[in-house]
Amino acid sequence: MSTAARTPLASRLPAFPWDALTAAKQRAAAHPEGIVDLSVGTPVDPTPDSVQQALAAAADRPGYPTTIGTPELREALAGFVQRHRGAPVTLDVDSVLPTVGSKELVAHLPFQLGIGPGEIVAFPHIAYPTYDMGARFVGAEALPVDIAALAAQGDAALPAGTDPHRIRLLWLNSPSNPTGEVLSLAQMAAVVTWARERGIIVASDECYALLPWTVDEVPSVLDPRVNGGSLEGVLCVYSLSKQSNLAGYRAAFVAGDPALIGELVAIRKQAGMMLPAPIQTAMVTALGDDEAVAAQREIYRSHRDRLAPAIEAAGGTIHGSQAGLYLWTTFGREAMITVDHLAGSGVLVAPGMFYGEGGGAFVRIALTATDERIAAAAHRLGQN
């Protein structure tokens with residue numbers, strides 16, 4: 001069989017964004033006191049002891065795990081979204097599904113929902129790049145949308161000529177990565193109503209929801225005040241990577257419409273997409289350890305309290321950043337100029353254009369570093 005006409009998928013994708021930071025990273029690493037890498041949101045603090053112990057105790061698991069998760073895990077997932085994401089007590093185990101990290105689900109959800117060429121996957125116009133990749137993987141059109149404008153204006157907020165009935169999937173991301181902005185109850189409810197009227201599935205990435213700073217509430221699509229008491233057509237995507245330092249465990253889940261969850265289970269069974277059994281056991285413990293989550297939140301709060309005034313003293317202006325792990329900042333110049341300037345002080349940050357054209361004058365500054373490195377970054381910023 002000839003492969004001459006085949007175009008490798010990799011050649012049809014944009015370059016991996018972080019590869020563009022190589023030179024800046026090398027410059028920052030040359031600082032006499034070492035690099036402070038605030039360009040990524042990788043947790044550095046220890047995984048809670050309770051979770052480590054649960055993982056060790058579950059190490060002897062010779063058999064295959066299940067795609068849907070153990071009964072204990074499914075009960076823990078349902079309980080978590082009821083306690084923390086406003087889900088009704090009627091949400092049961094048929095409405096939850098563990099996933100192998102949340103990025104995997106974000107990237108493959110269009111495929112698992114049967115979306116393809118001629119259809120649209122929409123997502124926030126300043127956003128984590130994987131929403132866009134998920135559309136590209138299946139040959140669908142990737143459509144950046146101003147979600148706040150969509151909530152207020154409906155179809156009028158879409159780019160000219162867009163047929164909303166071609167949109168099959170709409171991603172929300174609140175709190176946002178990278179901006180830290182939080183959608184209000186009214187905004188989320190308006191978007192869900194708009195989407196349902198057009199037969200659009202709403203998937204809400206809420207991975208940073210338990211890290212609020214300047215807001216009293218981070219609403220969820222699972223909340224009856226948002227969805228009108230029905231889970232039809234809505235999914236909540238969630239990860240324990242940030243709040244419980246489980247990035248290395250790939251512990252995440254999706255919850256929502258039981259009919260959609262059933263579709264995902266059927267596809268994922270065929271593909272062998274299942275969370276390792278010891279991780280499932282550890283995840284049960286993590287989902288119930290609210291004290292560890294609260295303690296980690298206070299660490300990030302102290303980092304934010306240390307970095308924010310230093311950034312402002314250095315001439316930066318912080319926008320959004322109401323919740324989550326980042327300070328969305330502009331120094332009034334093009335992002336890569338700021339990246340290069342800060343790299344000269346040994347501080348590496350991510351340029352905003354990684355997240356869309358609207359981020360071109362911003363940088364994303366992460367709170368995920370050790371206390372010592374955060375203090376070093378604050379000191380160096382104060383010298384700029």
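Here, contact means heavy atoms within 4.5 Å. Keep that in mind for the close-ups below, which come from a predicted model.

**View 1. Leu-172 and the residues it touches.** Leaving out residues up to four places away in sequence, Leu-172 touches Tyr-131, Ile-147, Leu-183, Met-188, Val-191, Val-202, Ala-203, Ser-204, Asp-205 and Val-221.

View 2. In soluble globular proteins, nonpolar side chains tend to be buried together.

**View 3. The open sheet.** Follow the 7 strands across and you get the order β2-β8-β7-β6-β5-β3-β4, with mixed pairing. At the edges sit β2 (96–100) and β4 (141–145), each with a pairing on one side only. From one strand to the next, the twist averages 20 degrees.

**View 4. β5 and β6, with a helix across them.** Strands β5 (residues 167–173) and β6 (residues 201–205) are parallel partners, with 5 bridges. Look for Leu-170, which stands opposite Val-202 in β6. Helix α7 (residues 185–197) lies across β5, β6 and β7 (234–239), and runs at about 170 degrees to β5.

**View 5. From β3 to β4.** Strand β3 (residues 120–124) runs parallel to β4, and 5 bridges join the pair. Ala-122 faces Leu-143 in β4, standing opposite to it. To get from β3 to β4, the chain passes through helix α5 (residues 130–137), making a right-handed β-α-β crossover.

Technical notes: Residues are numbered from 1 along each chain as its sequence is written. This is a predicted model: local features need pLDDT of at least 70, side-chain atom pairs count only at pLDDT 80 or more; totals for chains, interfaces and linings use all residues. Side-chain values use heavy atoms; hydrogens and water are left out. Two strands pair if DSSP finds at least two bridges between them. Helices (H or I, at least four residues) and strands (E, at least two) are DSSP runs, numbered from the N terminus. Axes are lines fitted to C-alpha atoms, for helices over the stretch in contact, and angles run from 0 to 180 degrees between N-to-C directions. A crossover is right-handed if, with the strands pointing away from the viewer, the path from the first strand over the helix to the second runs clockwise.
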